[in-house]
Amino acid sequence: MRTAFAISILFALSTPCRAADPETLLVWPQGAPGAVAAEEVDRPTLAIYQPPAEGRQRAAIVVCPGGGYSGLAMDHEGQQIADWLNAHGVTACVLKYRLGPRYHHPAPLSDAQRAIRIVRAQASELEIDPDKIGILGFSAGGHLASTAATHFDRGQSDAQDPIDRQSCRPDFAVLLYPVIALATEYAHAGSLKNLLGDAPDAKLLESLSNERQVTAETPPCFLVHTNEDKPVPAENSVLFYLALRKAGVPAEMHIYEFGRHGLGLGKVDPAFSTWPALCIQWMTRHGWLAAPEPNRAR
């Protein structure tokens with residue numbers, strides 16, 4: 001049963017939810033900071049997909065679909081990802097964050113940080129471990145996830161809002177063909193413009209070129225890219241991986257020779273479709289997922 005506190009921030013789109021249906025929460029029940037209006041596009045949401053009780057793990061992941069910071073690929077980088085995570089017992093939290101050109105930085109990051117805090121604050125109700133909360137992002141959503149992994153705080157212990165007392169540091173990050181290196185020649189021009197406008201400040205641009213913001217406190221990361229990716233060159237992942245390696249942060253990277261940008265789970269590509277299993281193995285080896293029990297002979 002959810003507490004009164006949890007109910008106070010719940011924005012239910014359907015009641016009652018079946019086991020396979022998500023509960024959708026307003027990220028900012030009192031209105032998002034800097035909101036320009038109160039329309040749907042001004043109201044970020046977090047859809048919580050919980051797996052069946054049998055086989056449920058203690059991990060949760062905030063999912064950030066891509067779309068160049070101007071749209072959201074909510075099917076193959078949202079719903080399908082939630083289904084995949086649920087199939088492995090992971091609670092999936094799909095974030096609908098604010099977008100350009102209506103919103104620039106820091107609105108998307110604020111939404112992602114708040115989403116992590118919400119999930120951590122509701123760990124008991126969601127039956128998850130507050131130390132097993134990751135973030136996963138595709139393309140521009142990968143930039144958002146990498147920003148959350150390099151720009152975080154431990155919460156404000158004296159905050160009036162209980163959610164603000166929670167840390168917004170993800171425990172791990174999964175980055176799929178991510179936009180990362182904004183201050184380099186490998187930047188994705190559309191994402192850069194939608195996030196920072198036509199003439200971004202040089203210091204701000206540097207701070208959001210996240211391969212330059214990695215420290216020893218950055219959480220472990222799993223990166224996936226393809227060599228054929230033209231809109232977002234693989235150098236984005238490579239530069240981030242090298243920065244993680246230099247900082248001593250555990251990281252795993254897979255670069256497939258073939259494959260276009262935006263493949264999601266890779267259902268149409270036999271090679272790229274191997275990344276989900278590799279990711280589950282990585283999460284298991286780090287202890288965020290429990291190892292499957294060996295089959296016992298009867």
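Thr226 stands opposite Tyr256 in strand E8, a detail of a predicted model in which eight strands form an open sheet of mixed pairing.

- Across the open sheet, the eight strands follow the order E1-E2-E4-E3-E5-E6-E7-E8, with E1 (23-26) and E8 as the edge strands, each of which pairs on one side only.
- From one strand to the next, the twist of this sheet averages 15 degrees.
- Elsewhere in the sheet, strand E2 (residues 45-49) pairs with strand E4 (residues 91-96) in the antiparallel sense, over five bridges, and here Tyr49 stands opposite Ala92 in E4.

**Helices on the sheet and against each other**

- For helix H3 (residues 107-121) and helix H5 (residues 140-150), the axes come within 10 Å and cross at roughly 65 degrees, and the crossing is right-handed.
- On the H3 side the contact is made by Pro108, Leu109, Ala112 and Ile116, while H5 contributes Leu144, Thr147 and Ala148.
- By residue class, this contact between H3 and H5 divides into six nonpolar residues and one polar residue, with no charged residue taking part.

**Salt bridges**

- Side chains of opposite charge can pair when their charged atoms come close.
- The structure holds eleven salt bridges, and one of them is formed by Asp164 with Arg114, whose closest N and O atoms are 3.3 Å apart.
- This pair links distant parts of the chain, 50 residues apart, since Arg114 belongs to helix H3 whereas Asp164 sits in the loop between H5 and strand E6 (172-176).

**Backbone features in the loops**

- Most residues other than glycine have a negative phi, and most peptide bonds are trans.
- The peptide bond from Gly100 to Pro101 is cis, with omega near 0 degrees, and Pro101 has its place in the loop between E4 and H3.
- Pro106 is also found in the loop between E4 and H3, and the peptide bond that leads from His105 to Pro106 is cis as well, with omega near 15 degrees.
- Ser139, although not a glycine, has a positive phi of about 55 degrees, and this residue is found in the loop between E5 and H5.

Conventions. Residues numbered from 1 in each chain as written. Predicted model: local features only at pLDDT ≥ 70, side-chain atom pairs only at ≥ 80, totals over all residues. Heavy atoms only, no water. Axes fitted to C-alpha atoms, helices over the stretch in contact; angles between N-to-C directions. Helix = DSSP H or I, 4+ residues; strand = E, 2+ residues; numbered from the N terminus. Left-handed = near helix turned anticlockwise from the far one by under 90°. Contact = heavy atoms within 4.5 Å. Nonpolar A, V, L, I, M, F, W, Y, C, P; charged D, E, K, R; others polar. Pairing = 2+ DSSP bridges. Salt bridge = Lys/Arg side-chain N within 4 Å of Asp/Glu carboxyl O.
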